[in-house]
Structures are given as structure tokens and as C-alpha cells.
Amino acid sequence: MRLQNRVAVITGAASGIGRASADLFAAEGANVLAVDLPGQGLNEAHKDRDNIATLEQNVADKGAPGRIIEEVTGRFGRLDIVFNNAGVSRNELAELQSEANWDLTLDVNLKAQFLLIQAAIPHLKVAPAGRIINTASVMARMTDYGLIAYCASKAGVAGMTRTLALELGKYGITANYIEPGAIYTGLTRKNFEDEKIAGIWARKAALRRLGQPIDIARGALFLASDDAGFVSGHGLVVDGGLTLRT
Ligand SMILES: NC(=O)c1ccc[n+]([C@@H]2O[C@H](COP(=O)([O-])OP(=O)(O)OC[C@H]3O[C@@H](n4cnc5c(N)ncnc54)[C@H](O)[C@@H]3O)[C@@H](O)[C@H]2O)c1
């Protein structure tokens, strides 16, 4: 029970990494507010756990941070852990990049993370061990064709998180980000349902397999727990060795 008596917000929690993390955090004793877009099966995903509440909310909407913080503190009376995980990825080459895709990607993947953290800071400051965890990606350091907006957003998450770690450390708050590799989730399902593509990505990793949502959830649990009490400003790579070589 590594998160006994802790309260966490997890975004993007209807599917993939966020869903697995909500489940794992709840199993470790946390009360969790799971947030995702309407129509993504959020309530169904968490109906079996009494200590997971749900909120259907677009994290990029104006007013979303206030609503999320109000909901979690109203329900559970405090807030210890913010796990910013909701994310989008649409392939568009730089030359053909639409402003709409650029804005959506940066708004959801980066700006919404920042605004939620900003709204959470007063609560994290009074928590005994405030924790900020942001999902970045190995694409914070690497790249691929069509990922210009995604890579920019994830590199932004890394820089933002290091700054938060520096500024908030004096309040006992840690801020870290996770760099998942190739993980089989809602985001990647379309690609990885193709056995050939899945095989190529599995072989690229030293561990010779795709990651599963639980692999990342375990990393997030470590960063949320007392075990990571002296870890801050760190990018935790959870990629099975995908990015070890050129
Ligand atoms: N799957 C991978 O290989 C991989 C690799 C690196 C990083 N990531 C990152 O992991 C995070 C989780 O993605 P996943 O792979 O579990 O995919 P996923 O599609 O299974 O889950 C993402 C969730 O975020 C939600 N979401 C999207 N936009 C939202 C918004 N505006 N408001 C609220 N919720 C929103 C989606 O509805 C979805 O349920 C993302 O930040 C993604 O960039 C994934």
C-alpha cells in the first residue's frame, strides 16, 4: 500500500497508461480522480473500484484546471499527486502541418499540463509529499517523420518539469516526467495491430517486446511513492531499451 492516504488526479485515465495507472494507484491505497474526455468509457473503465472517482472533462478546455481541482478536493479533501498523462499524437509532416494540429497537440500535451499544475500548487504545497508526474515520451529527445508538433510538445514537457522541480523543491514537492517508449495503447493500437509493424518495434527494443500500460504505470507509481522522495527533475525512461542505440 505505497500510496495509502494519498489523493491523486490522473488525466487521460479512460485508456492505456492513464487507465492502468489509476488502477494501480488505487490498488496501492490512493483515492484517485480519473479524468478523460466524455464518450471514452471512463466510468465503465473504473466502475469496479470504490476509491476511483471519475470526471469527464477535456483538459484543454478553458476552466478545466479549476473544475478538476474543485472536484478532487471536494471529493477527497486534499491533493497530493498530479499525474498529467492525457495526450494526443497526429502525424503531419512539417511542410504540411496544419495550424489546427499544432495548436491541438501543444494545447493538450503541454499547456493543459502546465495550467493544471499551476492550479494544483496551493494544494501540493500543504501536502506532506507533493508529487508532479508528467507523461513526456522518448520523443522528448528523439524524433520521427510527422512528429514535429508531438516532439515539440514532449520536449516542452521535459523543460517545464525540470523548472517546476527547481522552483517547487523548497515546498517538498517533486516534479518528474516519464519517457515511455513504444507502448501498446489506444494511441498506438492502429499501428501495432499490424503484426509486421508491432514486430519491427518490438525488435528495436533491447527487451524484444512492446511495452504495456502497466510497465509505465509502475514507473509512475515509483515516482509517486515515498521511494522517490529524493528524485526530482528527472526524466524516467521506460522503453525496454528502445533508445539505447542509433
Ligand atoms: N503509447 C505510446 O507508445 C506512448 C509513448 C510515449 C508517450 N506516450 C504518452 O502517453 C500518454 C498516454 O497515452 P496512451 O499511450 O496511454 O494513449 P491512449 O490513447 O490509450 O490514452 C490517452 C488518453 O488521453 C485522453 N485524452 C486525449 N485528449 C484529451 C483531452 N483533451 N482531455 C482529456 N483527456 C484526453 C484520451 O481520450 C485517452 O483516453 C500520452 O501523453 C502519450 O503521448 C505514449
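Before I start, a definition: two strands pair here if DSSP finds at least two bridges between them. The model I am showing is a predicted one.

First, the sheet. It is open, has seven strands and runs in the order β3-β2-β1-β4-β5-β6-β7, with parallel pairing. At the edges sit β3, residues 52–56, and β7, residues 235–238, each of which pairs on one side only. On average, neighbouring strands in this sheet are turned by 15 degrees against each other, direction ignored.

Take one pair from it. Strand β1, residues 7–11, and strand β2, residues 31–36, are joined by five bridges in the parallel sense. What is the bridge partner of I10 in β2? That residue is A34. Packed on the sheet is helix α4, residues 99–126, which touches β4 (81–84) and β5 (131–135). The direction of α4 makes about 170 degrees with that of β4.

Now to a helix pair. Two packed helices are described by the angle between their axes and the distance between the axes. For α1, residues 16–27, and α8, residues 213–224, the angle is about 50 degrees and the axes are 8 Å apart. Angles from 65 to 115 degrees would count as roughly perpendicular and those under 35 as roughly parallel; α1 and α8 are therefore oblique to each other. Their crossing is right-handed.

As for the residues involved, α1 contributes G16, I17, R19, A20, S21, L24 and F25. On the α8 side they meet P213, I214, I216, A217, A220, L221 and A224. By class, the contact of α1 with α8 divides into 11 nonpolar residues, two polar and one charged.

Methods: Residues are numbered from 1 along each chain as its sequence is written. This is a predicted model: local features need pLDDT of at least 70, side-chain atom pairs count only at pLDDT 80 or more; totals for chains, interfaces and linings use all residues. Helices (H or I, at least four residues) and strands (E, at least two) are DSSP runs, numbered from the N terminus. Axes are lines fitted to C-alpha atoms, for helices over the stretch in contact, and angles run from 0 to 180 degrees between N-to-C directions. Two residues are in contact if their C-beta atoms, placed from the backbone, lie within 7 Å. Angles under 35 degrees count as roughly parallel, over 145 as roughly antiparallel, 65 to 115 as roughly perpendicular and the rest as oblique. A crossing is left-handed if the near helix is turned anticlockwise from the far one by less than a right angle, and right-handed if clockwise. Ala, Val, Leu, Ile, Met, Phe, Trp, Tyr, Cys and Pro count as nonpolar, Asp, Glu, Lys and Arg as charged, and the others, Gly among them, as polar.
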